[in-house]
Amino acid sequence: MAENNEVPGPASQRVWDPLVRVLHWSLVVSVLLAWVTREGGGHWHEWAGYAALGVVALRFVWGWIGSARARFAGFVRGPSVTFSYARQVLAHREARHLGHNPLGGWMVVALLADVALTGLSGWLYTTDAYWGVKWVEEMHGAFANALLPLVALHVAGVIVTSQRHRENLVTAMIHGRKRPPSGRDVI
Ligand code: HEM
Ligand code: HEM
């Protein structure tokens with residue numbers, strides 16, 4: 001049922017394509033798996049990490065050739081738009097975005113980049129040249145630990161934005177659909 005009764009026409013519109021959704025939840029599962037198997041590395045840990053790396057690589061390609069809302073060019077905004085959006089959030093005046101909002105867009109970049117750096121440094125640590133090298137191990141741990149605050153902030157952003165605009169962004173990332181735009185919503 002449509003949450004916004006003022007909007008005529010279809011109750012929802014497709015926003016996230018299937019690949020974006022499958023890649024998102026695959027990334028969540030592989031990063032979680034890599035996290036819980038982190039002690040001492042090991043095969044499960046390495047394969048979970050490689051899976052996360054694979055998801056990031058595919059998402060990167062999809063960010064250039066994918067559907068309109070999946071493309072980085074559509075949601076990675078410049079500093080002036082991003083700061084202006086942040087000020088509007090603080091003033092509780094921000095517009096609803098059908099795709100990623102400007103702050104969310106930068107969070108997407110940060111999450112993908114950090115997972116990539118974590119996976120690559122993990123791989124580096126297993127190579128003959130760098131196996132047992134302390135700074136490589138520490139770098140891998142540091143990138144992995146940086147995921148904690150990033151993911152916490154990401155989930156907080158999802159919850160706050162869902163509340164502000166009275167729509168469930170988590171289920172939208174599952175079925176791909178959101179309430180159609182109205183008023184000053186950004187499509
Ligand atoms: C998103 C992906 C990954 C996450 C979140 C992650 C996270 C972690 C964390 C938190 C540790 C403990 C670090 C420490 O003791 O200071 C660790 C250790 C380790 N990781 Fe990963 N990792 C990932 C991917 C990988 C990959 C792709 C590989 C290799 C192919 C790898 C290989 C290792 C190894 C060998 C260790 C053990 C280091 C030691 O001797 O203590 N990791 N990882
Ligand atoms: C390891 C943890 C996580 C990582 C690395 C991660 C990463 C990402 C990435 C890269 C995107 C962009 C999607 C795309 O355009 O392809 C995204 C979006 C999203 N994520 Fe996560 N995520 C994580 C955990 C979660 C969790 C636990 C939830 C549920 C509470 C969640 C809910 C969402 C939602 C709703 C969006 C869409 C946001 C929007 O409407 O703009 N994520 N996430």
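Let's start at His-92, which sits in the loop between helix 4 (79–90) and helix 5; helices here are DSSP runs of H or I with at least four residues, strands are E runs of at least two, and both are numbered from the N terminus. This is a predicted model, where local features need pLDDT of at least 70, side-chain atom pairs count only at pLDDT 80 or more, and totals for chains, interfaces and linings use all residues. Residues are numbered from 1 along each chain as its sequence is written, while chains are lettered from A and ligands numbered from 1 in the order in which they are written.

The phi of His-92 is near 55 degrees, a positive value in a residue other than glycine. His-92 counts as exposed because it has 7 other C-beta atoms within 10 Å. The cut-offs go like this: 20 or more other C-beta atoms within 10 Å of a residue's own makes it buried, 12 or fewer makes it exposed, and anything in between is partly exposed, with C-beta atoms placed from the backbone. Arg-166 also has a positive phi, about 50 degrees, although it is not a glycine. You'll find Arg-166 in the loop between helix 6 and helix 7, and with 10 other C-beta atoms within 10 Å it is exposed.

Now zoom out. The protein has seven helices and two strands, and from the N terminus on they run β-α-α-α-α-α-α-α-β. Its C-alpha atoms fill a box of roughly 60 × 30 × 30 Å along the principal axes. Of the 187 residues, 16% are buried. Take the contacts with a separation of 6 or more: 66% of them join residues 24 or more positions apart, a contact being two C-beta atoms, placed from the backbone, within 7 Å.

Buried along helix 2 are Ala-48, Gly-49, Ala-52, Val-55, Val-56 and Arg-59, and what covers them includes helix 1 and helix 5.

The largest nonpolar core has 10 residues, among them Val-31, Ala-52, Val-115 and Leu-147. Such a core is a set of buried Ala, Val, Leu, Ile, Met, Phe, Trp, Tyr and Cys residues joined through C-beta atoms within 7 Å. Helix 1, helix 2 and helix 6 each give two or more residues to this core, and helix 2 gives the most, with four.

Leu-147 links several of these pieces: beyond its neighbours within four places in sequence, it is in contact with Val-31, Asp-114, Val-115 and Thr-118. Asp-114 belongs to helix 5 and is partly exposed, as 19 other C-beta atoms lie within 10 Å.

Finally, ligand 2. There are 21 residues around ligand 2, and Val-31, His-100, Val-108, Leu-169 and Met-173 come nearest; a residue counts if its C-beta atom, placed from the backbone, lies within 6 Å. Helix 1 (18–36), helix 5 (102–126), helix 6 (134–164) and helix 7 (169–175) each supply at least two residues of this shell, and the largest share, six residues, comes from helix 1.
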